[in-house]
Every structure is written in structure tokens, then in C-alpha cells.
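Please examine the structure shown below together with its sequence. The briefing is arranged by topic.

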Amino acid sequence: MVALASAGYGGAALFSVVQLYRPRWEVWALVSAGLGWVSETLWLFTHVGLAMVFLTTRNGTVAVAVWTLVAFFWLAQRSSLKSLGSFLLPVTFALWGIDRVLTFIFPPLMLFAAGWRAHVTWALVLASVVSFVVSAVFAIMYVEKERELKKRRVRLFYYRLPALAVLDRAMGRLAAIGFAIMTAALVVALSGAATIVHPWRLGVLWALGAGVLTVRYHGRWRGPRMASLTMLASLVIVAYLFGAPA
Amino acid sequence: MVDDVEASGNLGYHEGKWRIAGDEAISEVKAALKIQVVGINHRDAPLMVRERVALTPDQIERAYARRQQMAGQEGLVILSTCNRTEFYVAGDVPLDAILAFWESLVLVPREEFINALFWAEGPEAADHAMRVAAGIDSMVLGETQILGQVKTAYQMAQAVGAVGRLHRLFHYALRAGKRAHHETEIGRNALSVGHAVIELAKKVLGSLERKTALVIGAGEMGQLVARHLNTQSLARLYIANRSLARSESLARELGAQPLALPEVPTVIGQADVVVSCTTAPGMVVTREMVQSALEGHLNEFRFFFDLAVPRDIDPAIGRLSATIFLYDVDDVMRVVDANRAKRERAVAAVEQLIVEEVQAFQEEMGASEVAPVIRSLRNKAEAIRQAELKKAFSRLPSLTEEERAVVAATTRLMMNKWLNDPMVAMRRWSIDDQKQPYIQAVRELFRLGDDSEPAPVE
């Protein structure tokens, strides 16, 4: 199942980039993503088990994050943001691949988790991470399209990516949603969960999210500076996803 | 039912289906449909010729009313736009008759336009109709307007019953046009400065709905851009000009708000899109003006277009913020050129789908031409089978109903298997002009008549 999921996600990442140049390949990206997603779903249910396990091991949490990102990709297929897949699927495959390598080197640890609060906290953190990752993907798209427009060399991204304002808005909204979820996670963690999530580390992430939103909505940052900051913040948050439970 | 069949095969099947007949009956078989197109267009005919032989809607109506003057025509559609006038004719009509008809409509002797004429028939005519509908024969490559014009021409002919046997041709041509615009990028991306301004603004701002635009300069370019912007459901459109009377005149026409040039600094801060195209010798929009107007809003998306030569907008404005975009006329033209190159790359894909559509059209037309022969052959075989069964059953009166059914089914199976290969071959021949004599040979070999009725029921 893991091999099938890896092959599916690898193919989806490759074909989703190819379809930017040759739109007819889109169907292969969809088929590959579908293969990976279904295989991963089966794997989650049959081998990892439900919430009790996958929310308390690193490879389990990353797998759920990847599964959720691909679910987001399917949702985006139904909107005007179809080109998101060409950036999101490679990022998703990278997360999946890094996790597979880490799992190979460091066998997954079963972490201590007691009570529903611990699981709710971790599930909220996970949702927040997913939100920030998608926000970062929009930031990458923004930077690529803006580069073409500023250099007056219209090429692929000029034609295929949504308007800068749309990308900027999506970037900001997802960061705001991620921050709101992370706030909820922090509240639950501070309310006494015997938890795998260290409140002080979560607090650092929360402060990072707060900083991103402050410069955006109070400092009125837009454009490449905001995109760079979003990517950086998301990178830190993803590092936390890999590092926190270990 | 079979009325009478003789073993010798000299007598026919009487219900008018097939008959064992001579050359007279064979000559009744419907001839292959001839489709041709005659016309002039922007490629070979200059405007002074095109305008002389173009037809107004009234003239086209009169043409349809008088179409019987063209002896032998079985369908007529006239397409007349500013870039082309084309006659699509079905039926065995000599070119000379079409030209004479055209002359009589426009009262221009053919000598004046014959050198610019083009003519095509058969698959080439179908190919031309599809290329026209897809916009790859247009002056502006991939334009979508022509598809609507082809549809209108077809509907106009249909309204007066002139389409006749051209119906399927136009069905395929319109389908090819729609496919071209839906499946390829032939009609996407702007090819004019006015459209490119809208396209670029949308690439940054998204929809222009509820946005504010300011056009500085109400000359030819200013009017063009203002008209394009006015189609975008803007919240507000300002038109500023050195002469207030001129900006008022344009603003009145477009429902915009007129301004005098000195008022520009007061509204420039509200504008998401600013287009300047004056003939002023110096800068009309300065860095200081924009910086002061955008105080506290420098991080909002704005697009400035400087379409003037010499330039109207200080280039330093583009460096005020990363969310401010400034394009001059060369930058816009670079985008137009990239768009044109992109459309040219799409032509191959359009041509490929036209090949598919022409082939499908030919197959359908070929099938419709060969169908009577196939039906006739099948009916003849069926009639013979019925007659022979009748004789056999009369010689074998002891057969039960069940046994009779088995014998009947076996003979039907044999007949179908035997006919299968010739029918497949004939369908294949129908789309190959060189194989047309083979179909005629089948008619003569089996002595078939024209037959469009279903086979008799057993």
C-alpha cells in the first residue's frame, strides 16, 4: 500500500508539473493522485489504525497531513484554482518522501497521549499545519507569477496561474484560518491536556502565526514580502510537524 | 412481402425496393453530393474589391429568394462579413452559374473580382468552412466573432429554407469552431492593445468588477481603452482630458465621470487601473503625485499603463511598491506579441481537429451516399432468401414449425455473414473518391436500383 501510495504521489507530482505545459496530461495527474490517495487511505485504515495511533507517531501524523493536502487538491479541482495542483502535489510528495526516508532511518515512536484533549490538540495542530502549507503553496505561485509580470516576460505562469490578487487573498485567508485553528489548539493544550504537544513549543508557533498575520493585516504587507514571510513561517511549522513528536 | 421471384432473376421485387433492371434504373441512383465554396476574402482581395462585392443582409435575403436561378442547386448559404463574401453551394452547379448569380446580386462584372476569387469543392470546401468557423482563416487569428457570423449566416439561410443539403456541412463547421475555441488556446489572450490592457489588469487584480479605473487622455487610444474598460462592470470610470468638453462627451457616452487634467491628483488614489495616453510633452503622472495620493495604501494592487509616446507616467512609480505595476506601450506590445505567438502555436491543434471533423463529415456524407446501395443489396438478398425458403418449404411440407424456424434462421445467418464483408468494404469506399467506381460496379454487378426502404419482413 505504501509503495502504491508512493508511486501514485510521485506520478501525480510529475504529471501535475507536466500538465502545466501540456494540459492533456492533466488526466494522468488526476489518475496518479487518485491512486496514491486511495492507497494511502487503505493503508491508514488497515495498517496504521485509526486516530489512536496515527495521531501519536510522526509518520502517522505526516501521513494524515499528506492525505488532507491531497483532499484539498481534490476540492481545488472543483474551483477556479485548478492550477494549485501543479504546486501542491510536488510539495505533498516531498513531505511524503521525507517522511518515508525518516521512517526508514528512525523507526516511528509511539508517543504518550492521554485523554481526548491530547488527541484534539494534535488534530488541531495538524489542521493548522495543513492550512499553513497550502498558504505557502499559494505564496510560491504568487512569487512565480509576479516574477514574470515584473520582468515583462510573459510565459507559462502568466497564462496558467490565477491573478496575483487572488493568490494573495488565498495566501492570507489560509494563514488566518491556520492561525485560528492553532489558537484553538493552544487553548486546549493549556487547559490541562496530558499531551504530546508541548504548550511552550506550540506557543512559539502561535507567536509566529500571530506575527505573520500582524504584518499582513496591521502592517498591510502584500506581494513578494508577504509571500516570502508566509513561506518561511510555513517551513518552520512543517519542521515542527516532523520534529515535535520525535 | 415478396410478390414474385423467379429463379432466373429476371423479374424483380415489386414493391419498388429493388428491381432487376437495366441502365435506366441504375441512372436513377442519386449522384454523390457536390459541395463547393466560391468567394473572396482578406487574403487575396483588397478592401476596395471586398466592399464592391459584399452583400448586405437585404441583398442576401433577395439572393435566397432568387436562388432557383442557379439550376441544380440543392442548398445555398451566403456568408458576408467585412473580411469575406462566400457562397456555399450544394448540388451540381457550374462555377459560371454561381458567378453569374453573384454578378446579378451586386451588379459588378466578374472581371473586377475574378482575380481575387478562390474556389474549393468537396473535402476542401468542408475544410475551408471549418477553418473559417474556427477563426484560423481570419485576419485576427483565432477571433471568435466569425463563429457567430457563420452561425448567423446559417440561421438566415435556414429561415428561408435555403440551407438544403448544406445542413450537415454547417453542423460540422460550427462544431469545429466550438471545439477549436473550447479545446485549444486559439481564441484566448488579447491581440490588441485595448484588450491587452484589460487582460494584464486582470492578471494582477483578478476581476475588474467593482474596481475603479482612470483613463487620462480622450484621444483615439483613450477612447478605445475606455470602451474596453467600460465592458468590465467597473464601480467607477473616470475620464480625464486636457479639454474638458472632450472628456465630457466620451464620459456621457460611456456613463463615466469626466475630469479636467488638474483634477487627476484628486482621484488617482482611488484608481486600481490608470491608463494614460495623452500627447502631452512632459510627465502627466509624477512620482510625487502618486506617492502622496497613495499615502498609507502603497501596498494595494494597482496597475498603471503608459500608452503615450513620449511617456506620461514617471517610470519611478513602478518602484514605489512591489504591488504597483507599470507597463509602457512597448511592454504591452510585448504581451500582445507573446499572445500572438501562443495563438500561432495553437493553429496546429486546430488543424488537427479540423482534419478529424472533415473526415467525420466525409464519412457521414459517404455513408449517406452508399446507404441506398447497401439497403438495395440487402433487400435483394433477403428477397431471394424468402423466395427460396418459400419454394423449399413447399417441397418439404412435413417440416414442423420449429424445424422451419431453424432452417430460416440458418439461411438468414448465412446471408448476413456473406453480406458483411461487402458492406464493410462499401462503407470504406464511400470516403475515398478513387473508389467511387467500385460502388457503381457493385450496382451493376448485382443489378441494383435505388432503394431507400427497409427490407421486407420475414
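The points below concern chain B, its helices and its interface with chain A.

The model is predicted. Chain B holds 15 helices and 10 strands, and buried residues account for 49% of its 458 residues. Over all chains, a search of the whole structure finds 29 salt bridges.

**Chain B overall**

- Among the contacts in chain B with a separation of 6 or more, 70% are between residues 24 or more positions apart.

**Helix 6 of chain B**

- Helix 6 of chain B runs over residues 145-159, and its 15 residues should span 21 Å at 1.5 Å a residue; the end C-alpha atoms are 21 Å apart, which agrees with that expectation.
- The buried residues in helix 6 of chain B are I146(B), L147(B), V150(B), A153(B), Y154(B) and A157(B). They lie on the same side of helix 6 of chain B, because the arc they cover around the axis is only 125°.
- As a general point, an α-helix has 3.6 residues a turn, so residues three or four places apart point the same way.
- Q145(B) and A159(B) are exposed residues on the face of helix 6 of chain B that is turned away from its buried side.
- The cover over the buried residues of helix 6 of chain B includes helix 3 (57-65), strand 2 (73-80), strand 3 (84-91), helix 5 and helix 7 of chain B.

**V347(B) in helix 13 of chain B**

- V347(B) is placed in helix 13 of chain B, which covers residues 329-395.
- Buried means under 20% relative accessible area; V347(B) counts as buried because its relative accessibility is 15%.
- Leaving aside residues up to four places away in sequence, V347(B) touches I136(B), L141(B) and I186(B).
- V347(B) and T184(B) are 163 residues apart along the chain, and 8.5 Å separates their C-alpha atoms.

- A salt bridge joins the side chains of R131(B) and E351(B), at 3.2 Å from N to O. This pair links distant parts of the chain, with R131(B) in helix 5 (residues 123-134) of chain B and E351(B) in helix 13 of chain B, 220 residues apart.
- R131(B) is partly exposed, with a relative accessible area of 23%, and E351(B) also counts as partly exposed, at 31% relative accessibility.
- E364(B) and R168(B) meet through their side chains in a salt bridge of 2.4 Å, N to O. Here too the pair links distant parts of the chain: E364(B) is in helix 13 of chain B and R168(B) is in helix 7 (residues 167-183) of chain B, 196 residues apart.
- Both partners are partly exposed: E364(B) has a relative accessible area of 25%, and R168(B) has one of 27%.
- A network of salt bridges links R175(B), R179(B), E183(B), E356(B) and E357(B).

**Interface between chain A and chain B**

- How many residues of each chain are in contact across the interface? In chain A there are 22, in contact with 26 residues of chain B.
- The size of an interface is often given as the accessible area lost when the parts come together. Between chain A and chain B the buried area is about 1,800 Å², with carbon and sulfur atoms giving 55% of it. In chain A, the residues that lose the most area to chain B are R152(A), Y158(A) and Y159(A), together 36% of what that side buries.
- The rule finds 1 salt bridge across the interface of chain A and chain B.
- D331(B) and R152(A) form a salt bridge in which the closest N and O atoms are 3.1 Å apart. D331(B) is in helix 13 of chain B, while R152(A) is in the loop between helix 6 (115-151) and helix 7 (156-160) of chain A, so this pair joins two chains.
- D331(B) is buried, at a relative accessible area of 8%, whereas R152(A) counts as partly exposed, at 22% relative accessibility.

Terms used: Residues numbered from 1 in each chain as written. Chains lettered and ligands numbered in written order. Predicted model: local features only at pLDDT ≥ 70, side-chain atom pairs only at ≥ 80, totals over all residues. Heavy atoms only, no water. Helix = DSSP H or I, 4+ residues; strand = E, 2+ residues; numbered from the N terminus. Buried < 20%, exposed > 50% of the residue type's maximum accessible area, 1.4 Å probe, protein only. Contact = heavy atoms within 4.5 Å. Salt bridge = Lys/Arg side-chain N within 4 Å of Asp/Glu carboxyl O. Expected span 1.5 Å × (residues − 1). Arc of directions from axis to C-beta. Buried area = accessible area lost by both parts, 1.4 Å probe.
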